[in-house]
Amino acid sequence: MKSIRIILKEQIQNIYMIGRLSAYELKKSYAGNVLGSFWLILNPLFQIGIYWLVFGLGVRGGRSVDGIPFFVWLIGGLVPWFFISASILQGSNSVYARLNSVAKMNFPLSVIPTYVIVAQVYTHLILVGMLLIIVSISQGFHDINIISLVYFMLSAFCFLLSLSYITSTLSTMARDIHLLVQTATRMLFYITPILWLPSKNTPGILKEVFSINPFYYLVEGYRESLLKGGWDLIFSPYTIVFWIIILMLLMFGSVIHVKFRKQFVDYL
C-alpha cells in the first residue's frame, strides 16, 4: 500500500502539470498534419464507416440488434473501444518514449502514463458528445442514463491508468512487452463482443468468461447507459469483480513502478 500512496501523492502534487502536459500531448500528435486536430474526428469516422459497411451491411444485412439500428449499436461499442485501445497502446509506450527527455530532471515518472491517458480523454469526450447526439436523434434522449455513462467513463479511466503502470514499466524494461501489448490489443478487439453478439448457442461458461472480461464490462456499460438507460450492470456482481481487478492491477503496477523506476535509464 505504500507504493500506492506514493503514486497517489505524486498525482495530486502534480495535477496542474498533468493538465498542461496532456494538452500539449494532444496538440503535438497532430501538429504536423494539414488538417491538424480534425483528425481527432476523421480517423474514428473512417473506421466506423468501414466496420458498418462490412459488419452492418455485409455480415448482418442491415438487421437491427434488439430493435436498435445496428449503426447506433455499433458506435455505442466502438467509441469506448477507441478510447480503450488508444490508451493501452499509448500508455504502454509512455515512459520509454519520454525517458530521454526527463532522465536528467527531477521529474515524477508516475505522472507520464497519467497525462498520456488524459490526452486520450479529450478525444474521447468529443466522440462521446457526437455519440450522444446520434443516439438522441435515433432513439430519443429519454433512454440515455448520463449518471451511468459518467460512471463507466471514470471506471474506464481508472482501469486503463492502473493497467498502464504495469505495461509502461515492463515495456521500458523489455521492449518485447510493448509488441506483446499491441498484439493482445488487436486480439481483444475481436474477442470482446464489440462487432458481434454472443449467440443463443454460445456455451454458458464462455458467456461468463465474456462477462468478467473488464473490457466487455466497460463496452456493455456504455451501451446500457446510452441505449437502455438502465442500472443493471452497475448493480451486478460484475462490478465488484471489475473493481477487484482494478485494485489488483494498481497494487502490482505501483509496486513494480516504484521499485524499478530508478533503473529505467539503464534500459535506454
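The largest pocket in this predicted model has a volume of about 720 Å³. Of its 30 lining residues, Asn-43, Gln-47, Phe-82, Ser-85 and Ala-86 are the closest to its centre. The second largest pocket holds about 470 Å³ of space.

**Terms**
- On a 1 Å grid over the protein atoms alone, a pocket is an open set of points where a 1.4 Å probe fits, with protein on both sides within 12 Å along at least five of seven lines.
- Lining residues have an atom within 4 Å of a point.
- Points are joined across faces, edges and corners, and a volume is the space filled by probe spheres set on them.
- Helices are DSSP runs (H or I, at least four residues), numbered from the N terminus.
- Ala, Val, Leu, Ile, Met, Phe, Trp, Tyr, Cys and Pro count as nonpolar, Asp, Glu, Lys and Arg as charged, and the others, Gly among them, as polar.

**Largest pocket**
- α2 (15-29), α3 (39-59), α4 (70-102), α5 (111-139) and α7 (176-191) each give at least two lining residues.
- α4 supplies the largest share, nine residues.
- The lining has 17 nonpolar, 10 polar and three charged residues.

**Second largest pocket**
- Its lining has 18 residues, with Leu-197, Pro-198, Tyr-216, Glu-220 and Lys-228 nearest its centre.
- α8 (204-212) and α9 (214-228) each supply at least two of the lining residues.
- α9 gives the most, with seven residues.
- By class, 11 are nonpolar, one is polar and six are charged.

**Basis**
- Residues are numbered from 1 along each chain as its sequence is written.
- Totals for linings use all residues, while local features need pLDDT of at least 70.

Technical notes: Predicted model: local features only at pLDDT ≥ 70, side-chain atom pairs only at ≥ 80, totals over all residues. Heavy atoms only, no water.
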